[in-house]
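This briefing goes through one protein model, from its overall make-up to single side chains. Please keep the sequence and the structure in view while reading.

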Amino acid sequence: MEEEEEDYMSDLFIKQDVRPGLPMVRRVKDAILKEEKQKEANEKSRQKSIKEEEKERRDLVLKSALGSENKGFALLQKMGYKSGQALGKSGEGIVEPIPLNIKTGRSGIGHEELKKRKAEEKLENYRQKLHMKKQANEQAADQFRIRFKNKQEERKMEGDLRKSQRACQQLDMQKDIDVPKETWYWLEPEEEDKNDEEDKEDECTSSDLSVSEKLHILTAYLREHHFYCIWCGTTYEDSEDLSSNCPGDSAADHD
């Protein structure tokens with residue numbers, strides 16, 4: 001059917017808004033409105049799936065209240081129940097029925113619980129890994145502190161040993177002793193001008209004794225033969241004077 005020609009002398013045409021740009025805006029709005037109507041028509045004409053139809057029927061039934069034709073509801077009414085009233089003798093029960101938990105997936109019964117349990121196990125494993133990593137870091141830090149402390153103590157003992165060797169050499173020479181009792185009792189010639197705090201390995205390879213063992217032996221020698229204590233820095237008159245005025249024969253006794 002051909003569209004009727006517009007009457008340019010009619011009031012409808014004369015009253016139209018002819019401002020610039022408005023026809024374009026109107027055409028855009030008309031196109032959007034036409035598209036929305038077409039979508040609605042397509043949605044109505046589209047054949048719904050079986051699941052969608054079942055859901056609509058189920059929702060419709062669940063939204064509608066039970067009538068007297070329902071046998072269970074009729075029995076409740078005979079016992080004095082009124083619509084909207086809570087269950088129970090004192091009216092403390094539920095008002096709305098227990099909601100249905102409709103299962104629409106294809107997984108078997110208990111699948112959701114299995115997924116939940118696996119997720120909890122995964123989370124627990126992750127927490128255990130974090131805990132083990134934290135413990136490993138703490139152990140590594142403790143071991144580092146122990147190694148650092150041992151290294152400091154070892155350096156201190158090496159410094160005390162060099163002091164003892166230097167003192168032993170001076171005191172022996174004062175008594176005209178030209179040869180040390182043990183080669184490591186005195187400093188080697190190249191060690192004489194080194195600082196006490198310098199960290200270096202023991203060059204006296206002729207003995208298998210450790211630094212602490214050498215220090216213990218040498219300080220005992222100084223105390224017995226020269227009545228000298230390296231930690232006090234004092235030469236005492238005799239053994240009685242040494243034992244009476246010296247706190248002890250180790251660095252710990254002088255702290």
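Here a residue is called buried when its relative accessible area is under 20%, exposed when it is over 50%, and partly exposed in between (1.4 Å probe, protein chains only). The model is predicted: local features need pLDDT of at least 70, side-chain atom pairs count only at pLDDT 80 or more, and totals for chains, interfaces and linings use all residues. Residues are numbered from 1 along each chain as its sequence is written, and side-chain values use heavy atoms, with hydrogens and water left out.

**Overall make-up**
- The protein has 7 helices and 2 strands, where helices (H or I, at least four residues) and strands (E, at least two) are DSSP runs numbered from the N terminus.
- Along the sequence these elements come in the pattern α-α-α-α-α-α-β-β-α.
- Of the 255 residues, 16% count as buried.
- A contact means heavy atoms within 4.5 Å; of the contacts between residues at least 6 apart in sequence, 42% join residues at least 24 apart.

**Surface**
- The protein exposes about 21,900 Å², and carbon and sulfur atoms supply 52% of that area; accessible areas come from the Shrake-Rupley method with a 1.4 Å probe, and for residues only the protein chains shown count as cover.
- L75, L76, M79, L87, I94 and I98 make a nonpolar surface patch of about 610 Å².
- Patches are made of residues with over 30% relative accessible area and no salt bridge, like charges being joined within 9 Å and nonpolar side chains (Val, Leu, Ile, Met, Phe, Trp, Tyr) within 5 Å.

**Helix α5**
- Helix α5 (residues 111-174) has 64 residues and should span 94 Å at 1.5 Å a residue, which agrees with its end C-alpha atoms being 94 Å apart; the expected span is 1.5 Å times one less than the number of residues.
- An unreviewed UniProt entry annotates residues 109-143 as "coiled-coil region"; in the model this stretch is 94% helix and 0% strand, with its end C-alpha atoms 52 Å apart.
- UniProt positions are given in the numbering used here, feature names are shortened, and annotations may be inferred rather than shown by experiment.
- The buried residues of α5 include E158, L161, C168 and L171.
- The buried residues of α5 pack against α6 (211-225), β1 (228-229) and β2 (234-235).

**Salt bridges**
- The structure holds 3 salt bridges, each defined as a side-chain nitrogen of Lys or Arg within 4 Å of a carboxyl oxygen of Asp or Glu.
- D59 pairs with K55, the closest N and O atoms being 3.0 Å apart; the two are 4 residues apart in helix α3 (residues 50-63), about one helical turn.
- R145 and D142 meet at 2.2 Å, N to O, and both lie in α5, 3 residues apart.
- K156 and D160 also lie in α5, 4 residues apart, with their closest N and O atoms 3.4 Å apart.
- K156 is partly exposed at 47% relative accessible area, whereas D160 counts as buried at 9%.

**Positive phi values**
- Most residues other than glycine have a negative phi.
- F227 has a positive phi near 55°; F227 is in the loop between α6 and β1 and is partly exposed, with a relative accessible area of 23%.
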